[in-house]
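The sequence and structure are shown first, and the text then turns to the residues around the ligand.

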Amino acid sequence: MFPPGVHKILETLNQAGYEAYVVGGAVRDILLGRRPKEFDICTDACPRAVLDIAAKNNIKAFRKGAAFGVISWILEGQEYEIATFRTETYGEDAHRPEKVEFVWALEDDLARRDFTVNAMAMDRAGTVIDPLGGREDLRRGLLRAVGDPEERFAEDALRMFRACRFVAEYGFRVERQTRDAIGKALGRVAGLSVERVRDELDKLLVAPYAADGLELMRGTGLLTTECRCRADGREQIVAVLPEVARLVHIEQNPRYHTLDVWGHTLRVVANIPPEPVLRWAALLHDIAKGSPGVRCLNKHGEPSDYGHARVGADMARKILNRLRVPPAITRRVVWLVRHHMNFPGPERRPVIKWLRRLAASFAGRADLAEAVRQLLELRSADLRGGKVDPEYLLKENDLLQGMVEKVLWQVPFYPEDLAVSGGDVAEIMGRGPQVKRTLDDLVASVQAGRLENHREVLLAALKRKAARLCNR
Ligand code: ATP
Ligand code: MG
């Protein structure tokens with residue numbers, strides 16, 4: 001049931017005369033038949049005793065979170081956290097408890113946890129201790145706050161985002177009162193740091209039921225809340241995702257779309273592989289639709305969003321910067337949003353031309369290949385996200401992908417892809433700025449099929465060019 005290291009910890013603490021349990025997420029996951037990400041352990045031994053027991057048993061141990069009474073033990077190179085049973089009292093802070101007290105009863109420790117499905121413990125023999133009905137809720141697929149949900153969310157506003165994240169990860173329904181309580185504690189989000197909110201968003205986005213988690217965020221009002229950020233020594237207010245909430249009920253041209261922009265966005269998120277870049281791009285790809293300056297009526301009087309990819313890329317950059325998303329992810333997502341509307345037919349020449357244009361944004365062929373793979377994933381998910389009759393374009397997209405894979409490694413897109421180097425060029429033409437220019441010319445000539453990318457062919461062409469220049 002437990003890995004040997006976990007079993008050993010429970011046994012060692014029990015033999016020293018203390019209670020010890022696996023608790024929280026690991027119990028939930030074991031009952032669901034999933035492999036737990038980590039094993040958190042709790043005990044009635046005080047932190048000092050947990051350290052002493054480790055020392056007596058020659059186990060490496062150190063204090064982890066002194067304020068919370070957490071000690072880490074290292075077994076077989078693996079770190080396990082052992083927490084003394086505790087209760088928490090909350091105050092001003094929107095996330096961190098004001099006071100932590102160690103307690104003797106496991107039940108008191110379980111009662112401080114966020115949701116019933118996270119508030120179960122399991123002893124060494126595999127017996128589940130479940131005073132709050134977590135197991136039944138788990139069976140019913142129900143996420144329910146422990147105790148009074150309004151109090152729970154008022155104590156720690158991050159729990160509201162965790163609720164959405166657990167919905168996204170497990171496909172839970174949210175119990176009625178728990179859901180209603182989110183609407184009442186939205187003001188507390190103002191005290192959360194943007195990094196904490198963003199971390200939950202990141203986890204939600206790559207989860208199997210991300211669309212359900214996002215819909216819960218929208219329906220409860222969490223998308224339109226504001227959190228805080230410290231920058232340049234000053235506190236700033238940071239909007240969570242109001243631009244995304246705005247997409248609901250934005251109608252699209254029924255000639256091409258079966259869903260409004262929000263419904264479509266959720267489908268695209270659900271359809272795309274769960275990679276952070278792809279999920280963010282899916283969420284933001286149509287972010288400018290319906291916005292002033294983009295939304296207009298075409299000559300048939302139907303809604304149209306000409307230029308939404310360009311405006312959307314700017315909006316995506318602002319959103320991701322404000323949420324402190326790492327720059328490398330932001331750059332790629334912005335690029336994907338910017339380019340998600342223009343694709344060539346799947347024939348060789350237009351594909352090379354298209355790739356040549358895209359290549360300018362990247363340092364080399366591996367980067368370009370990865371970005372184009374992501375762009376075609378986005379297009380495929382976009383087409384499967386409620387477009388009218390997507391079959392023809394989906395087939396085109398597959399053909400385009402095949403052609404990209406073929407030409408990307410056959411044709412050079414950067415000087416490094418040529419069969420000659422800058423040194424070769426300098427030797428024949430002399431050093432100076434003409435080296436870079438000549439390499440670029442060679443890339444263009446090979447792309448156009450005027451030269452083959454073989455060393456002898458390119459050297460001969462260079463010599464011809466040098467002779468021509470000499471004879472001038
Ligand atoms: P994951 O599988 O994502 O790690 P988890 O349930 O293990 O999910 P953790 O953040 O690792 O979540 O926390 C471990 C346990 O601590 C939770 O199962 C829950 O019992 C408790 N917990 C964590 N965060 C909170 C919180 N903000 N409020 C109350 N209890 C919490
Ligand atoms: Mg965990």
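In this predicted model, helix 7 supplies four residues to the shell around ligand 1, the largest share. The elements that contribute two or more residues to this shell are helix 2 (25–31) and helix 7 (158–170). Viewed by domain, the shell takes at least three residues from domain 1 (1–135) and at least three from domain 2 (141–240).

Which residues come nearest to ligand 1? Of the 15 residues around the ligand, these are R28, K37, D156, R159 and R165. By residue class, the shell comprises 11 charged residues, three polar residues and one nonpolar residue.

| Side chain | Ligand atom | Distance to side-chain N or O atom |
|---|---|---|
| R28 | oxygen of ligand 1 | 2.7 Å |
| K37 | oxygen of ligand 1 | 2.7 Å |
| R113 | oxygen of ligand 1 | 3.0 Å |

On its own, ligand 1 has 590 Å² of accessible area, of which the protein covers 82%. The largest pocket is the space that ligand 1 takes up. Around this ligand, then, the shell draws on both domain 1 and domain 2, and 11 of its residues are charged.

Definitions and conventions
Residues are numbered from 1 along each chain as its sequence is written. Chains are lettered from A and ligands numbered from 1 in the order in which they are written. This is a predicted model: local features need pLDDT of at least 70, side-chain atom pairs count only at pLDDT 80 or more; totals for chains, interfaces and linings use all residues. Side-chain values use heavy atoms; hydrogens and water are left out. A residue is near a molecule or strand if one of its heavy atoms lies within 4 Å of it. A polar contact is a pair of N or O atoms within 3.5 Å; within protein, one must be able to donate a hydrogen and the other to accept it, and residues adjacent in sequence count only if both atoms are side-chain atoms. Accessible areas come from the Shrake-Rupley method with a 1.4 Å probe; for residues, only the protein chains shown count as cover. On a 1 Å grid over the protein atoms alone, a cavity is a set of points where a 1.4 Å probe fits but cannot get out, and a pocket is an open set with protein on both sides within 12 Å along at least five of seven lines; lining residues have an atom within 4 Å of a point. A molecule sits in a cavity or pocket if more than half of its atoms lie within 2 Å of its grid points. Ala, Val, Leu, Ile, Met, Phe, Trp, Tyr, Cys and Pro count as nonpolar, Asp, Glu, Lys and Arg as charged, and the others, Gly among them, as polar. Domain bounds come from an automatic or database domain assignment.
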